[in-house]
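The following report describes selected features of one protein model. Please examine the sequence and the structure before reading on.

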Amino acid sequence: MLVETILLKPYKNRKATELLFADVLMRQPAAFFLLGDVVNLGYSNRQWRPIDRYLQALREGKVPVHAILGNHEVMGRPREGIRKFQERFQDHQHTGYTVKYDTVAVVLVNSNFRSLTPEEDKKQVAWFEKTLEELDADGEVHAVIIGCHHSPFTNSRIVKPSKEVELKFVPPFLASRKAILFLSGHCHAFEHYKVKGK
């Protein structure tokens, strides 16, 4: 984005994105998960063009791709951004969804709370808690991974931690016997936190 170009150092993000997707395709993982900010403006066709090529290559290479919304997909014109996102990730559910691979369940939740109605927000939190309880009781699931866009904890100087994520999603994660990892993407950096042994 223009503001990022002015305020931040250029890091050749487009080239890095191209290399990252090529590496994923070469490694052939069981699945690939994107934790939001897939593009910098969700409503922009121009921003989606290179991503569409990468997604097509992964899908043709038999690598399933799943994603959740980031703040950039709902920036500016949220309805249009969400529509374009949903066209590309058809299994995505606005108030959370689960994907299972072998004995691992990945639970993805929407941390763009401003894009949710109060009813959707309440529905998602209740669904999240119930889903983790059900997965704990499911004998075929050995591990659960949680993913959302906004980070509950971060040392970033650019974005703040999300208190709402910390209050709504972290306690059920900590209470779950099988939930072993909580991933987020908003700070665009590698950080590793341990909270109550997780």
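## A helix and the sheet beside it

Asp121 has its place in helix α5; helices here are DSSP runs of H or I with at least four residues, strands are runs of E with at least two, and both are numbered from the N terminus. The model is a predicted one, in which local features need pLDDT of at least 70 and side-chain atom pairs count only at pLDDT 80 or more, while totals for chains, interfaces and linings use all residues. Residues are numbered from 1 along each chain as its sequence is written, and side-chain values use heavy atoms, with hydrogens and water left out.

Asp121 counts as buried because its relative accessibility is 16%. Buried means under 20% relative accessible area, exposed means over 50%, and partly exposed lies in between (1.4 Å probe, protein chains only). Apart from neighbours within four places in sequence, Asp121 is in contact (heavy atoms within 4.5 Å) with Phe113, Leu116 and Lys168.

Helix α5, residues 118-137, lies across β3, β4 and β5 and runs at about 175° to β4. Such angles run from 0 to 180 degrees between N-to-C directions, and the axes are lines fitted to C-alpha atoms, for helices over the stretch in contact.

These strands belong to an open sheet of 4 strands in the order β3-β4-β5-β6, with mixed pairing. The edge strands are β3 (97-101) and β6, each of which pairs on one side only. From one strand to the next, the twist averages 20°. Two strands pair if DSSP finds at least two bridges between them. Strands β4 (residues 104-108) and β5 (residues 143-147) run parallel and are joined by 5 bridges. The table gives two bridge partners.

| Residue | Bridge partner in β5 |
|---|---|
| Val104 | Ala143 |
| Leu108 | Gly147 |

Strand β5 is largely enclosed by the rest of the structure, because 4 of its 5 residues are buried.

Strand β6 covers residues 179-183.

A further position lies in a loop. Gly76 is found between β2 (65-67) and α4 (78-88), and Gly76 is exposed, with a relative accessible area of 65%. Gly76 and Asp37 are 39 residues apart in sequence, and their C-alpha atoms are 13 Å apart in space.
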